[in-house]
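Colleague: I've got the model open on my screen. Could you walk me through a few spots in it?

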Amino acid sequence: ERGAPPLRLNSLLVGEGEFPRGAVVATDSLFEKRRLVFTAFQAVYADQTVIIDTAHDKRLHEEFFSGTPFYEENFDALQAAMRKATLILATHEHMDHVGGIAHSPFFDEIVPRVALTREQIEGPTIAAADFAEGALARLKPLEYEGVYSPAPGIALQKAAGHSQGSQLIFVRLASGAEFLFVGDIAWNMDNVTRLTGRPWLVSYTFLKEDRAAVAHQLRALYNLKAQNPDLRMIVAHDPAEYEEYIQKGWIGAKFE
């Protein structure tokens, strides 16, 4: 018996940023801005917690998103939660998802709990997270094929495309509520509902994405949502979706 699934899902808003709308959704205007959120999540069980994504620290925020809000008290709360977590997962290896691990003041303490996949650890884009020399070599890679469950109520499936180490993270609560963390396959739910990804300049030139893979994944997510309207898809950087989920009480706005 693996134990009961998580009871609830919490979140922390660690920072905010903005991109031109046309950099997020290819057909939108380049002259208007679209707000982004950088978040971390906590699956809470009766006897343990699991962290999903860790955003990034203040130094990385100022380097990549200068002039936009960073919530240091929430970053500190994330760090405290990681010290108590059983497991720390990431949807993918980009700095705004693993930077909280790379720059954790408790890195030595949390190393055994960090479960990055080999594809994430060895992915070329993880360099931007600026792990200390030798730090990545200390992480034990999470190895799996197909669909893998690292904890009760949580399942992983690899979804390379946006990055080498991208993966879907599915969470089913004891209540039956189901969440799917899609990472950065989409930056905004509009990418899914309008079946429109990032423009070529952003996608290929800057992100080095597999554009065909991402396009297929957007179609799959569109179909999945249509067939499962109760599924709560979590698109990593969509502020409207994030705030709606909090308002409806589907996720908490602070960690425990």
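Predicted model: local features only at pLDDT ≥ 70, side-chain atom pairs only at ≥ 80, totals over all residues.

Colleague: Okay, D184 then. Which residues does D184 touch, not counting those up to four places away in sequence?

Modeller: D184 sits in the loop between β8 (178–183) and α7 (189–193); helices (H or I, at least four residues) and strands (E, at least two) are DSSP runs, numbered from the N terminus. Leaving out residues up to four places away in sequence, D184 touches H92, H94, D96, H97, H162, R198, E209, A236 and H237.

Colleague: How far away is the nearest side chain of opposite charge to D184?

Modeller: D184 is buried, meaning under 20% relative accessible area with a 1.4 Å probe, protein chains only. D184 has no salt bridge, which would take a side-chain nitrogen of Lys or Arg within 4 Å of a carboxyl oxygen of Asp or Glu. Lys and Arg count as positive, Asp and Glu as negative, and His and the chain ends are not counted. The nearest opposite charge is on R198, at 5.9 Å.

Colleague: And α4, which of its residues are buried?

Modeller: Helix α4 (residues 95–102) is mostly covered, with eight of its eight residues buried. They pack against elements including β2, β3 and β4. The buried ones are M95, D96, H97, V98, G99, G100, I101 and A102.

Notes:
Residues numbered from 1 in each chain as written. Heavy atoms only, no water. Buried < 20%, exposed > 50% of the residue type's maximum accessible area, 1.4 Å probe, protein only. Contact = heavy atoms within 4.5 Å.
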